[in-house]
Amino acid sequence: MAVAVEKLITSDILKPGRYLGNERLAVHKGWDTTEIRWVLTYPEVYEVGASNLGHIILYNILNAQPRQLCDRTYLPGKDLAAKLRETNTPLFAVESKRSLTEFDILGFSLSYELGATNILEMLDLAGIPLTWRERQKAGEVGGEFTNLQSQFPLIFAGGQTATSNPEPYADFFDFFALGDGEELLPEIGLVLEEGKQAGFSRENLLLDLAQIPGVYVPQFYDMAEDGSVHPRRPEVPKRILRRVATPIPAYSIGLVPYVETVHDRLTIEIRRGCTRGCRFCQPGMLTRPARDVEPDQVVEAIEQGMRATGYNEFSLLSLSCSDYLSLPAVGMEIKNRLKNENISLTLPSQRVDRFDENIANILGGTRQGGLTFAPEAGTQRMRDIVNKGLTNEELLRGVKTAWEQGWDKIKLYFMIGLPGETDVDVLGIAETVSWLQRECRGKGRKPLNFNLTISNFTPKPHTPFQWHSVSTTEFKRKQNLLRQEFRRIKGLKVNFTDVRISAMEDFVGRGDRSLGKVVRRAWELGAGMDSWYENLDQAFSAWASAIAQAGLDWKYRQVENGEWNLFHAQDHKRSPDAENIPLLIVQTRLIASLPTPHSLDTPLPWDHIDTGIDKKWLQEDLQRALEAAIVPDCSFEGCSHCGVCGTDFGHNIVIESPAIPKFAGEFVPNKTKAQRLRVWFGKQGNMALLSHLDLIRLFDRVVRRASLPIAFTGGFHPMPRISVATALALGATSSGEIVDFELTVPVEVDTFREQLAREMPTDIPIYNVEQIDLKTSAATQLLEAAEYLITVAALEETTPIQWQDWIDTIKAKKELWYEQTTKSGKSQLINLRDRLFELELVETHNSTAESMSSVIRYLGSYRQDGLVLRPEQILFMLQTVASVEFQLLHIHRNRLILGV
């Protein structure tokens, strides 16, 4: 049964458009025509979750399955969460507005070690017991499990953190989906459908799910004293396989939010997996083998996606985009095909050694975006230890190419606390940045600026560096070393990662099942949104208290002190002149310290997760790291024998690049103004909760989708010539808004109206389109008056006669003075009566036994010079003449009146 959310999603909450579920390309399947109902969520606020590519892909794939539907939900803002709790309303799915307890299965993306507290918050808001044991107990009837239909939904998690080490979160989930979900989730859906039809118990259903490769059901496994995990039932596998799937770009097209999101663009995956072998990098280890997408599929998906979504920007996604050999060819092909549409391409952090003129040519457009490289370390020795595969010459060539191609600011990522690092390596970061600035100087050019992010190394499971950690004291000392050096360098903006959160991520990320009580208590104490800077102090305090209350503070101190560290003994030997110790001696000491304090063969809490990489190979690669030995990229050179390639995980797929098309030229804005059309439109229903800026962005995308020949402004950032007359208050409806369009070629009025209306949401109806003279002033300059219908409630008992008397009294007055504050902060008195042209009582009706509400129509001044009569000022007039308190319930703008 649908939740009455219209009473909760109102204009008084922040960005109510987050919760409407009516995005472009959202899929609405019939509830009664489906057997299995999913809810997927990325447990962050909407702006983060709705733009996550994995979330979009799995949503599209599940809705493509017969007899199954997939809805969505997100972490609500604090204001809506408070409303849900105050009204005892359960958290709902955004499309169907149904409570989450009505669904069969609820899936969370767990991609961050401390992100589980957000998941617990959402489960609590949904009225779902937090742990699988509590849900199991709640579903028991007379000692037997009831059928799936009458229980709480199955709760599962997927994502990088879930695949890496699910044990700290094992208490909360019925199962985990490990690895790629494109094929795994539909398989789970089929098992659920069969089990639901057969009336399986929850336990039997989970046993069936446990037979699917990639499904880990923690309740069928026990933790040993050493933290390792073993089956307690013979029917389940000893090790659970990570699933691998082939990327399908077509499923990336979907969900065009009306509110601005973090990644407000079309994103297409071009390559999954990375075989560079950076020894600290968990994604690189967990996504092998590398799989290129066919260039033709990428081009087709981008072209179709841009036309279907109306975005003006797209991004190509991979862990290492530059390793996709077809990148320059694909980028240039798309740039040529869409050259007349002011489209920009952005790329995530990329390999600086592969950055060349071909890649530079495809980036940006008229809006040149930022550029991000990740050298990771400041010296060649450290880059060899981490297997970065980057020389100083390659670093300089890539940065200099970017500078020569017009970039004046570049973002660089570095890391401190890596195994074998000395102060020379730390200070090498500052020396490298200074050297790059010196090499990139030229007459008539701004000095090259850098935006640096200095992160703290955090050991991750399934990597060669999983046996290493660094004390927070050492991190702080190294950060201070860099701060002192950076003071001498101009043109830098530096961000340091908070050492407290790094230690907490390490503690949880490498933890075992005993941490479940810590995660729960941290949530109870207010931890949440832990990667957001404004909540960092609160988050750290909550986690620290939870650890202490669980009696695990001794274990956390080991992490803080860097004691789970094979090189701990060496760290204590570091002398003040450590930078002068020869490399051979440093390596010898590091190798000699390997057996302490923990053996490499000690069982780890994640050993039962089969990622395909042999643990023995990780040990050997750690040894190679200490010898600063490089392992080549097996996508382009010889096999490194990591253990992945085979029948279970497949092999690397590297596609040779097609020829790079000839550059057809940059976008040249067509500034021709051949026709101006004025459109009258409405803003009804849910669209009343769309902000003015969101509405402007919507018109831009609608024009693109409709392929209308819009004219552009000039300058460095050409914008489409679309001019909305004025803003409408958030939450107000309207049947009289105006927007002007300027076109490069004439279009029949009826054709324009038809094409525009076809792409607009149904709650933004098009009433009329007229062609106007090109020399006519814009509607925003011609505004004279506005007519409103406002619904007003009196907060005490009244009669219709009283309402009419108050209206007549206001009309009879010549002056009604109102004090307002100007933009400069000064107070001034204005006569509201001069701004009121017409006023009438339309109707009255009883809202409650004690109060009456009325609909009042008024026509008032609405000029861009500030002479405006606002709806709330009508309330002031009523209160002045009636000495009664009123409440404004709703605003509807009937029409805008333009002058000649």
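Analyst: Helices (H or I, at least four residues) and strands (E, at least two) are DSSP runs, numbered from the N terminus. The model is predicted, and its local features need pLDDT of at least 70, while side-chain atom pairs count only at pLDDT 80 or more and totals for chains, interfaces and linings use all residues. Residues are numbered from 1 along each chain as its sequence is written, and side-chain values use heavy atoms, with hydrogens and water left out.

Histidine 462 sits in the loop that runs between strand 19 (449–456) and helix 16 (472–486), and its phi is near 70°, a positive value in a residue other than glycine. Most residues other than glycine have a negative phi, and most peptide bonds are trans. Histidine 462 counts as buried because its relative accessibility is 6% (buried means under 20% relative accessible area, exposed over 50%, partly exposed in between, with a 1.4 Å probe and protein chains only).

Arginine 67, found in the loop between helix 2 (53–63) and strand 2 (68–72), also has a positive phi, near 65°, but with a relative accessible area of 42% this arginine 67 is partly exposed.

In the loop between helix 9 (282–286) and strand 14 (291–292) lies proline 289, which is joined to arginine 288 by a cis peptide bond with omega of about 0°.

Leucine 114 belongs to the loop between strand 3 (105–109) and helix 4 (116–126), and leucine 114 counts as buried because its relative accessibility is 1%. The C-alpha atom of leucine 114 is separated by 59 Å from that of aspartate 834, the two residues being 720 residues apart along the chain.
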